[in-house]
Amino acid sequence: MFGKKVAPEEFEWKDFRDKSYEELEREVDAAYAQLVLRRNITLAIGSVVLIFIFHDIIGFWFNFGIPKFAKYKTAEVIDVVADPIQTELEEDELDEIINYTTLEDKDIVKLRKQASISISGRVVAKNFLFWGNYLPNGKRVFQSTAMMDLGLVWGKLADKRILKDFVFYSAKDFKQRAMYPKLKFGVTRPSVSWPYARTHMTNIHAIPASKDIMTAMIYTRKNQEVKVEGYLVDVQLDSGAWRHTSTDRVSASLRARGNSPNEIIYVTKLQVGNRVYE
């Protein structure tokens with residue numbers, strides 16, 4: 001610290017042919033170290049930028065992407081052949097308002113009960129993490145409330161041999177979330193008729209009552225048997241208008257449109273195999 005100052009060595013240019021092996025090796029090591037340092041700085045800056053841009057999506061996976069243990073197991077076998085059970089509500093419960101707290105943003109959204117519902121079926125499609133919600137000014141109340149689309153089939157259509165004739169595509173565009181059934185390439189005559197198929201499928205806009213239910217739905221697999229219980233509900237949007245649930249899955253108008261009914265369900269209980277989530 002208090003010693004004599006050492007004068008810097010004067011740079012002396014040498015042709016590489018005049019340098020020793022040790023000198024060349026030191027220069028290569030120094031150049032490589034500089035390259036690694038620049039790469040690491042670039043990666044660090046890029047990571048910070050990506051985390052800043054996609055922190056909401058990272059938060060989504062942190063909240064819902066960690067698998068949860070089921071509350072309990074049941075001996076009940078899911079009957080994917082049986083039709084859904086839709087029960088009309090008593091007069092004092094019909095149109096009852098639920099002040100629902102969204103799981104991700106903790107906003108209060110009004111849900112209006114229309115009927116109680118229990119659907120057992122086989123999973124054919126699912127959709128979640130609606131990216132438009134995470135764009136600047138892109139947040140929409142419905143996407144933040146109904147966080148999952150779950151496509152189910154039941155009856156003869158739940159038979160895996162019959163199901164092989166069909167393909168189910170779950171779409172999530174800016175204005176609509178729907179499930180579109182199609183025949184697989186090369187299939188001209190499916191094992192069940194189109195009118196039957198379209199009245200034995202549904203695209204559930206699921207409003208999970210808990211994080212456990214949301215996580216369980218994320219990890220459901222194609223062809224897995226599930227049972228969904230809860231309420232058919234309308235959802236009040238920012239404008240004050242209500243987005244209405246479908247309550248008639250067998251209407252001619254639904255069959256004519258060629259896609260499945262869209263039911264908004266406040267899911268209070270989910271059974272996946274023998275595991276139950278509430």
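A residue is called buried here when its relative accessible area is under 20%, exposed when that area is over 50%, and partly exposed in between, using a 1.4 Å probe and protein chains only. The model on screen is predicted, so local features need pLDDT of at least 70 and side-chain atom pairs count only at pLDDT 80 or more, while totals for chains, interfaces and linings use all residues. Residues are numbered from 1 along each chain as its sequence is written, and side-chain values use heavy atoms, with hydrogens and water left out.

Next select F60 and F128, both of which are buried. The structure as a whole has five aromatic pairs, where rings of Phe, Tyr and Trp (its six-membered ring) pair if their centres lie within 6.5 Å, with planes under 30 degrees apart counted as stacked, over 60 as edge-to-face and the rest as tilted. The ring centres of F60 and F128 are 6.2 Å apart and the planes meet at 15°, so this pair is stacked.

Then move to G65, which counts as buried at 14% relative accessibility. Beyond its neighbours within four places in sequence, G65 is in contact (heavy atoms within 4.5 Å) with F60 and Y219. Select I218 as well: its C-alpha atom is 7.7 Å from that of G65, although the two residues are 153 apart along the chain.
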